[in-house]
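Student: I would like to go through this structure with you, one question at a time. Could we begin with how its helices pack?

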Amino acid sequence: MELLPTIWFVAIAVLWTGYLFLEGFDLGVGMLMKLFARNNTDRRVLLNTIGPVWDGNEVWLLTAAGATFAAFPLWYASLFSALYLPLLAVLAALIFRAVAFEYRGKVDSERWRNRWDWAIAVGSFVAAFGIGAALALTTTGLPLNANGDRSGGPMSWFSGYALLGGFGVVAFALVHALAFLALKTDGDVRHRARSWFVRLVPFAVLPMFGWMVSVQFLSGKPWTWALVAAGAVAVILAWTLARAGAEGRAFGALGGFIVCATASIFGAAFPVVIPSTLDPAFNLTISNASSSDYTLGLMSIVAAVGLPLVIAYQSWTYWVFRRRVSAAHIPEAHGFLPAIAAKVLISNDNQPAASTKGD
Amino acid sequence: MDALEIARWQFGITTVYHFMMVPLTIGLGLVVAIMQTIWYRTGKPEYLRMTKFWGKLFLINFIMGVATGIVQEFQFGMAWSEYSRFVGDVFGAPLALEALLAFFVESTFLGLWIFGWKQLKRGVHLACLWIAVIGSVFSAYFIIVANSWMQHPVGVEMVDGRPVMTDAWAVFTNNTALVAVPHTLFGALAVAGAFLLGIAWYHLWRRRHDGIDVVDNNGKLVPGEAAIPGRDKSDYTVWMKSLRIGAVVAMISFAGTAITGDLQGKLMFEQQPMKMAAAEAACHDGTGFSVLSVGNLGATNCDDIVAVIEVPGILSFLAKGDFTTEVKGVNSLLGEYKEKYGTHLPDNPLYGERAGQEIQYVPVMEVTYWGFRMMIGFGGIAAFAALLALWVTRKGVVPQSKWLMRLAVFGILAPFGANAAGWIFTEMGRQPFVVAPNPDMNGIDQVFMFTAAAVSPGVSAGELLTSLVVLTAIYAILLVVEVKLLVKYIRGGVASAMPELAHPASDTDDDDKNDAGPAKSGDDVLAFAY
């Protein structure tokens with residue numbers, strides 16, 4: 001077995017784990033903007049728990065995609081082109097969601113905020129669903145021909161696994177976000193998040209378990225089956241801890257679940273990176289899809305230095321912003337009196353500015 | 001349109017759009033970091049105001065660069081899967097490193113900067129901005145290394161029909177990249193320079209227009225105050241300093257783009273002679289630089305073109321640094337290309353309907369000829385305007401002319417135009433290749449790829465059209481939103497980025513003076529909140 005492609009398969013699994021762990025909760029917080037928050041202050045509390053970190057979390061996705069391109073170009077090319085339309089939806093969702101975070105508070109109007117809230121909620125949902133579906137399909141199979149191209153029409157990638165993966169990540173993100181909010185907020189939001197979490201977590205992990213077990217039936221190994229069991233233990237632990245009010249440890253335990261989930265899924269799929277549903281001879285594997293050892297070696301050195309550094313400074317960010325956010329911390333949204341009020345740029349007005357009058 | 005053409009339009013539109021936001025991010029980031037550094041060292045309040053105001057505009061724009069950047073990384077695989085398969089071994093690495101070493105740094109430390117005004121010590125807070133800005137410079141480096149490999153593929157060996165990296169040093173120090181990186185960075189600074197200049201001019205003009213600032217009998221400006229938060233005497237200093245910084249940055253960056261552009265041109269005459277011949281619409285060998293050529297610049301018939309005004313010797317200077325060397329024209333290059341790379345596309349299913357078609361080696365000359373001239377023209381106009389602006393305002397007075405003000409404001413667009421034209425020129429000039437061959441190698445260098453073979457074979461024209469329409473529509477809507485917000489905050493002035501000017505009750509000012517320590521545990525409100 002080739003050492004470097006194996007290392008990079010593991011590295012990519014780690015990057016996806018990091019992505020699902022970190023962006024998992026900020027995608028969930030995004031969806032909760034419309035499902036959980038009851039008023040504008042609630043929404044701002046939610047937003048400010050992830051404000052300083054969501055963009056850094058999203059880079060895990062970019063790095064996972066970039067590393068796949070570099071280490072397994074054929075995997076990247078086949079997966080991304082086969083899932084053209086769903087990934088287009090993910091892109092549109094991520095664009096609106098990102099812009100919405102930044103622009104939501106920039107105009108003091110209920111309508112304006114409401115629009116961006118929907119962009120955040122729907123964007124988070126579509127992104128979580130699409131990425132879950134894509135990961136489920138890469139581990140369960142796509143109709144790839146000998147060249148690695150999708151055969152059939154634009155929707156021929158669809159299978160029940162796509163739904164399992166999609167709902168799996170969406171539901172996980174929701175409860176992960178509730179655990180995160182219980183840990184990161186104070187007051188009403190904190191208590192409601194914890195009680196929602198306790199009530200929802202047993203059901204929310206079910207689609208993810210569906211995906212995990214499906215992959216095990218397709219290509220499981222004893223140790224990956226064991227990870228499924230470990231994942232179940234982690235969920236029970238998270239539930240128990242949350243009930244006992246140990247918010248930090250409950251969040252950690254649910255994080256342990258996602259680690260078990262991705263490890264069991266990628267472990268079971270190994271060494272195949274995309275099974276072809278047309279003919280096993282067309283399977284993309286770590287051997288026939290990977291870059292040269294030279295490239296992989298170079299990337300290994302850089303990643304060995306770079307990734308721990310990333311983890312270190314991202315952890316520091318979470319430390320800097322460790323304080324719980326509550327309604328009391330949210331500054332009032334005061335509109336500002338513009339220095340220049342009139343539309344003077346084009347029009348030919350010559351009256352002395354209205355702006356000197358004050359309010 | 002077939003799949004290939006749609007995919008090319010999509011890549012062109014999304015990339016040019018993305019590269020509206022990126023240069024402003026890089027250039028303005030650098031400028032804001034310098035402003036905050038001056039504030040940190042001198043404590044002068046106007047530099048804090050400048051940091052906050054320009055920083056706000058920087059962030060409104062930054063997020064658009066982030067959002068549209070994701071599309072860039074995904075669409076290689078989505079729309080150009082054959083390209084990705086062909087180049088992945090060497091092209092994927094800089095993309096992965098860009099994410100790992102630049103994007104993480106940029107996003108994480110910018111998050112710290114935005115939200116950390118109170119939580120971090122002043123020095124640490126400033127360092128976060130610098131680290132984020134340096135991250136953005138690194139990201140420019142990595143992506144240009146990737147692009148330069150398409151312009152000038154080095155450090156590889158062909159194995160089983162695909163280039164395999166054998167020399168990473170050669171890839172990461174590709175001479176094409178080493179000149180393109182500073183060229184691009186200066187281009188980004190030019191955008192920031194014009195941005196500062198135009199907006200500051202508008203505010204200064206408006207202060208006079210509103211009767212706040214008056215000019216006394218000696219022609220000296222007397223700053224005044226209005227009953228609007230932030231519109232005080234120090235506001236005048238903010239804009240005047242911004243204007244001067246902007247003008248100086250614009251001029252320095254034009255000098256920088258000119259010098260690096262000259263080096264780049266000389267390299268391109270060697271590496272892609274056809275691109276440069278097409279930039280000149282030069283059909284025949286010669287030494288003269290065309291100031292104006294007319295005629296049918298159509299790619300297939302070169303002989304219709306008449307150079308109306310030509311300066312002898314200049315083309316040779318651009319290419320070789322002397323005034324006499326004959327530079328090859330399109331017609332003599334055409335024969336060489338046909339001999340080396342064939343007259344017809346291979347009869348391979350990868351080329352779809354285009355298999356076996358005749359290859360058009362001459363890029364679309366309307367685009368290369370005018371793209372090249374627009375790049376230089378817009379850049380030059382912006383620099384000249386900056387020089388003029390410095391001269392006109394040397395006594396601290398912005399003229400009351402409305403037309404000059406409009407010129408300054410709409411002049412912001414000139415460096416954007418220069419950047420877009422430059423990239424369109426360099427990418428369209430590389431056609432029909434997506435990976436351009438190296439003509440200086442002996443015999444046939446197999447490291448090249450025709451664009452016609454690069455598109456995803458499994459993706460239908462319908463899917464591509466869907467994404468073209470969807471992305472273009474989203475981008476159009478968001479452009480309107482971004483410009484609207486920028487205008488709102490520009491009109492808002494400094495107080496729009498510093499609510500504490502309007503509401504002095506807030507404790508932010510004290511914290512700044514007391515060099516607030518990290519994370520006070522009290523129930524005080526966040527320094528910045530969404």
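Tutor: We can begin with chain B, where helix 1 passes helix 2 in a left-handed crossing. Please keep in mind throughout that this is a predicted model.

Student: How are helix 1 and helix 2 of chain B oriented towards each other, roughly parallel or roughly antiparallel?
Tutor: Helix 1 of chain B covers residues 3-42 and helix 2 of chain B covers residues 45-79, and their axes come within 7 Å and cross at roughly 150°. Since angles over 145 degrees count as roughly antiparallel, the orientation of helix 1 of chain B to helix 2 of chain B is roughly antiparallel.

Student: How do the residues of the contact of helix 1 of chain B with helix 2 of chain B divide by class?
Tutor: The contact in question belongs to the pair whose axes cross at roughly 150°. Its residues include no charged ones, and the others divide into 16 polar and 22 nonpolar.

Student: In chain A, which residues of helix 11 make the contact with helix 1?
Tutor: Helix 1 (residues 3-35) and helix 11 (residues 247-269) of chain A pack at an angle of about 150° with their axes 10 Å apart, and the crossing is right-handed. From helix 1 of chain A the contact takes Ala13(A), Trp16(A), Thr17(A), Leu20(A), Phe21(A) and Gly24(A). By class, the contact of these two helices has seven nonpolar, four polar and no charged residues. The residues that helix 11 of chain A contributes are Gly255(A), Ile258(A), Val259(A), Thr262(A) and Phe266(A).

Student: Turning to the contact between the chains, which elements give two or more residues to the side of chain A that touches chain B?
Tutor: The contact takes 79 residues from chain A and 82 residues from chain B. On the side of chain A, these residues divide into 51 nonpolar, 20 polar and eight charged. The elements that give two or more residues to that side are helix 2 (40-50), helix 3 (54-71), helix 4 (73-82), helix 5 (84-103) and helix 12 (293-320) of chain A.

Student: Against which helices do the buried residues of helix 2 of chain A pack?
Tutor: Helix 2 of chain A is mostly covered, with nine of its eleven residues buried. Among the buried residues are Asp42(A), Arg43(A) and Arg44(A), as well as Val45(A), Leu46(A) and Leu47(A). The buried residues of this helix pack against helix 1, helix 3, helix 5, helix 6 (110-140), helix 7 (160-184) and helix 8 (188-204) of chain A.

Student: Is Leu94(A) buried or exposed, and which residues does it touch?
Tutor: Leu94(A) lies in helix 5 of chain A. Because it has 25 C-beta neighbours inside 10 Å, Leu94(A) counts as buried. Leaving aside residues up to four places away in sequence, the residues that Leu94(A) touches are Gly123(A), Ala127(A), Ala67(B) and Ile70(B).

Student: Where in chain B do strand 1 and strand 2 form a hairpin turn, and which residue in the turn has a positive phi?
Tutor: Strand 1 (residues 156-159) and strand 2 of chain B pair in the antiparallel sense over four bridges, and Met158(B) stands opposite Pro163(B) in strand 2 of chain B. Strand 2 (residues 162-165) of chain B has Pro163(B) and Met165(B) on its covered face, with Arg162(B) and Val164(B) on the uncovered one. The hairpin has two residues between strand 1 and strand 2 of chain B, and the turn residue with a positive phi, about 50°, is Asp160(B).

Student: Where does Pro432(B), whose peptide bond from Gln431(B) is cis, lie?
Tutor: In chain A, a cis peptide bond joins Phe270(A) and Pro271(A), with omega about 0°, and Pro271(A) lies in the loop between helix 11 and strand 1 (272-274) of chain A. The peptide bond from Gln431(B) to Pro432(B) is cis with omega near 10°. The place of Pro432(B) is the loop between helix 13 (413-428) and strand 7 (433-435) of chain B.

Conventions
Residues numbered from 1 in each chain as written. Chains lettered and ligands numbered in written order. Predicted model: local features only at pLDDT ≥ 70, side-chain atom pairs only at ≥ 80, totals over all residues. Buried ≥ 20, exposed ≤ 12 C-beta atoms within 10 Å, placed from the backbone. Pairing = 2+ DSSP bridges. Axes fitted to C-alpha atoms, helices over the stretch in contact; angles between N-to-C directions. Parallel < 35°, antiparallel > 145°, perpendicular 65-115°, else oblique. Left-handed = near helix turned anticlockwise from the far one by under 90°. Nonpolar A, V, L, I, M, F, W, Y, C, P; charged D, E, K, R; others polar. Contact = placed C-beta atoms within 7 Å.
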